[in-house]
Structures are given as structure tokens and as C-alpha cells.
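Let us walk through a protein fold step by step. Keep the sequence and the 3D view side by side as you read.

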Amino acid sequence: MSGMLARRALLLAAALGLSACALPPRAPDTAGQPYWNGRLGLQVDGDKPQSFSAGFELRGAPQAGELSLYSPLGATLAQLRWAPGMAELQADGQRRQYPSIDALTQEATGTALPLPALFAWLDGQPADVPGWQADLSRIADGRLIARRSAPLPTAELRIVLQLP
């Protein structure tokens with residue numbers, strides 16, 4: 001029995017070690033732009049419920065920025081970039097253009113996300129987004145939950161920041 005416990009402890013330690021390496025190292029932002037990284041989970045209810053989880057890096061501003069999504073092993077799943085007049089998704093070796101940030105996030109995650117408000121929320125500031133409600137009570141601990149009640153389907157975005 002003690003051999004089995006030792007193996008389980010070793011497997012758990014290995015799993016924890018892998019999870020610690022799951023996100024790419026934080027690169028310094030030389031442009032002085034806001035930057036956050038951590039893990040995000042998104043659940044979209046409805047006829048065909050969807051669930052999505054990834055590591056992320058968010059940098060820039062609501063007007064122009066980049067959101068990179070990573071697998072648990074650190075592989076890049078997608079890069080979303082936006083600027084005035086441009087919204088682009090790079091995934092699966094392809095680059096696609098979209099007419100808006102909402103259309104871009106809809107394609108990348110399965111639902112339109114309020115990226116401009118996300119910058120304010122992660123900075124601990126309220127931002128009014130029709131249909132969305134953000135719980136900022138634990139943002140100092142690096143945790144954010146935002147729920148969408150309208151339009152349907154409902155959605156829940158959970159973020160856990162990697163704190164320095």
C-alpha cells in the first residue's frame with residue numbers, strides 16, 4: 001500500500017510541475033501597455049452548451065490590443081488582435097479578418113466577449129456592458145467572474161490571474 005501512495009504522490013507532484021509550466025513565461029511589456037496573464041474559463045449555456053478553458057495573455061488597450069490563448073501544455077491555440085478598423089484571428093496556421101471585436105471573439109471562443117470592458121474589470125474598475133455583470137470583489141486576489149444574462153444564451157467567464 002505504501003508503494004501505491006508513493007506512486008500517487010509522485011504522479012501528483014509531476015502533474016503539479018507540469019501545470020506550473022502550463023503558461024508561457026511572462027514577457028516584459030516594453031511599450032508600457034497594460035498586461036495580464038493567467039487562466040480563463042468560459043461556459044456558454046444554451047441548446048448546445050460549450051465550455052472552454054485556456055491560458056491567456058492580454059495586452060494593449062480596448063482600442064488596440066492582443067489576446068493570446070494557450071493550451072495546458074503551453075501551445076498557442078489562437079491569437080486575437082484588434083485595432084481601429086481591424087479584427088484578426090490567427091489559429092490553425094490561418095489568419096482571418098472579422099468586421100468587429102465581437103465577431104472575432106465569437107469565432108474564437110463561441111460567444112462575443114466584452115473585451116473593452118475586460119480591461120477595466122481586470123484593472124478593478126467597473127464597466128457597464130449591457131447584459132453583463134462582473135464580480136470584482138476578488139480582483140485583488142487575481143479572480144474575476146463575469147456573467148452574461150442577455151442576450152441568450154447565458155455565459156460565464158472566469159479568470160484567475162497569475163500574480164507576481
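In the hairpin of β3 and β4, which residue takes a positive phi? It is glycine 74, with a phi near 95°. That hairpin has 5 residues between the strands.

A word on the ground rules. This is a predicted model, where local features need pLDDT of at least 70 and side-chain atom pairs count only at pLDDT 80 or more, while totals for chains, interfaces and linings use all residues. Residues are numbered from 1 along each chain as its sequence is written, and side-chain values use heavy atoms, with hydrogens and water left out.

Now the names. Helices (H or I, at least four residues) and strands (E, at least two) are DSSP runs, numbered from the N terminus. Two strands pair if DSSP finds at least two bridges between them.

Strand β3 covers residues 65-70, and strand β4 covers residues 76-83. They pair in the antiparallel sense over 6 bridges. Leucine 69 stands opposite alanine 78 in β4. Glycine 65 has tryptophan 82 of β4 as its bridge partner.

Next comes strand β5, residues 86-91. It pairs with β4, again in the antiparallel sense, over 5 bridges. Tryptophan 82 turns up here too: it stands opposite alanine 87 in β5. The hairpin of β4 and β5 has 2 residues between the strands. Here glycine 85 takes a positive phi, near 80°.

Why is α3 largely enclosed by the rest of the structure? Because 6 of its 8 residues are buried. Buried means under 20% relative accessible area, exposed means over 50%, and partly exposed lies in between (1.4 Å probe, protein chains only). The buried residues are Leu115, Ala117, Leu118, Phe119, Trp121 and Leu122. Just after α3, glycine 124 takes a positive phi of about 80°.

Last, look at the charged side chains. A salt bridge is a side-chain nitrogen of Lys or Arg within 4 Å of a carboxyl oxygen of Asp or Glu. By this rule there are 7 salt bridges. Glutamate 156 meets arginine 147 in one, at 2.7 Å from N to O. Glutamate 156 also meets arginine 158, at 2.8 Å. Glutamate 156 is buried, at 19% relative accessible area. Elsewhere, Glu66, Arg81, Glu88 and Arg95 are linked in a network of salt bridges.
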